[in-house]
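Welcome, and thank you for opening your viewer. Let us walk through this model one selection at a time.

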Amino acid sequence: MADDDRLDRLEKKLEAALVELERLKAIEAIRDCIYRVCRGTDRVDADLVRSAYHPGAQVHYGKMFDGPFEDSLEGGMRHQAAQSQRQHLVGNITVRIDGNTAVAESYELDRHKTPMGGEIRDLILAARTLDRFEKRDGEWKIVDRTKVMDWGRTINADDGLYQNSPLATGSNDRSDPSYQILP
C-alpha cells in the first residue's frame, strides 16, 4: 500500500509540474507577442506587428484611433516611418491567465526622433498597454489592445553621438542588423 501512496503522490506532483510548465509557456508566448509588436514597430515591419494579433483584433489608441487592428496598421506604419531612431522598451509585464484567455499590462518607455514645430525633437513617452489575449489553434495572440499614456516629454535631439558612434547603427527597415540573426 505504501508504494501505491508513493506512486499517487508522484503522479500528483508530475501533474502539478506539467500544469505549471504550461502556464509558464503561455506567459512566455504572451511576452513574445508584446515584444514582436515593439520590434515590428521599431523596424516599421507591418508583417511582424501583424503576427502578434489574431484576426478581428481591436485596438484603442485614444484620439488617434479606435477600431479594428487591421484598419490601424497602415496608418500606424506610415506614422512610424515619418519618425526615426524609434525605440519601444518594455519593462514590467503582468500576465493573468484563465484557460485560453489572458490579460496583460505592460509598461513601455517609447522614444522617437520626431519632426515637431519645424524642429527635430526627441519625443519620450511613458505608456502602458492593456491587452487581452486568446489562445487559438495553439497560438497566443492579442485580441484587444488599449494604449494608455502616463507621461511624455520632448527634448532637443542631438545627433552628434549617434552620427559619431563607433557602433553599427540601426535602420528603420529590414536592412537593420537584427534581421541577420532574427529574420
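Begin with the open sheet: its 6 strands lie in the order β2-β1-β6-β5-β4-β3, with mixed pairing. Strands here are DSSP runs of E of at least two residues, helices are runs of H or I of at least four, and both are numbered from the N terminus. Two strands count as paired if DSSP finds at least two bridges between them. At the edges, select β2 (66–68) and β3, each of which pairs on one side only. From one strand to the next, the twist averages 20 degrees.

A word on what you are viewing: this is a predicted model, in which local features need pLDDT of at least 70 and side-chain atom pairs count only at pLDDT 80 or more, while totals for chains, interfaces and linings use all residues. Residues are numbered from 1 along each chain as its sequence is written, and side-chain values use heavy atoms, leaving out hydrogens and water.

Now colour by pLDDT, the predictor's confidence in each residue from 0 to 100. The protein's mean is 92, and 96% of its residues reach 70 or more. Confidence is highest in β1 (residues 53–60), at 98, and lowest in helix α4 (residues 160–163), at a mean of 63.

Next, zoom in on the strand pairs. β1 and β2 run antiparallel and are joined by 3 bridges; V59 stands opposite G67 in β2. β3 and β4 are also antiparallel, over 11 bridges, and T94 has E105 in β4 as its bridge partner. Their hairpin has 2 residues between the strands, and G99 there takes a positive phi near 65 degrees.

Then select helix α1 (residues 2–42). Its 41 residues reach 60 Å from first C-alpha to last, close to the 60 Å expected at 1.5 Å a residue, where the expected span is 1.5 Å times one less than the number of residues. Among its buried residues are A26, I27, I30, C33 and I34; buried means under 20% relative accessible area with a 1.4 Å probe, counting protein chains only. After α1 comes V44, with a positive phi near 50 degrees.

Which residues have the most contacts inside the largest nonpolar core? Select I30, Y53, F69 and F133, in a core of 21 residues. Such a core is a set of buried Ala, Val, Leu, Ile, Met, Phe, Trp, Tyr and Cys residues joined through side-chain atoms within 4.5 Å. α1 gives the most to this core, with 6 residues.

Finish on F133. Beyond its neighbours within four places in sequence, F133 is in contact (heavy atoms within 4.5 Å) with residues including I30, C33, I34, W140 and V143.

Conventions:
Buried means under 20% relative accessible area, exposed over 50%, partly exposed in between (1.4 Å probe, protein chains only). Axes are lines fitted to C-alpha atoms, for helices over the stretch in contact, and angles run from 0 to 180 degrees between N-to-C directions.
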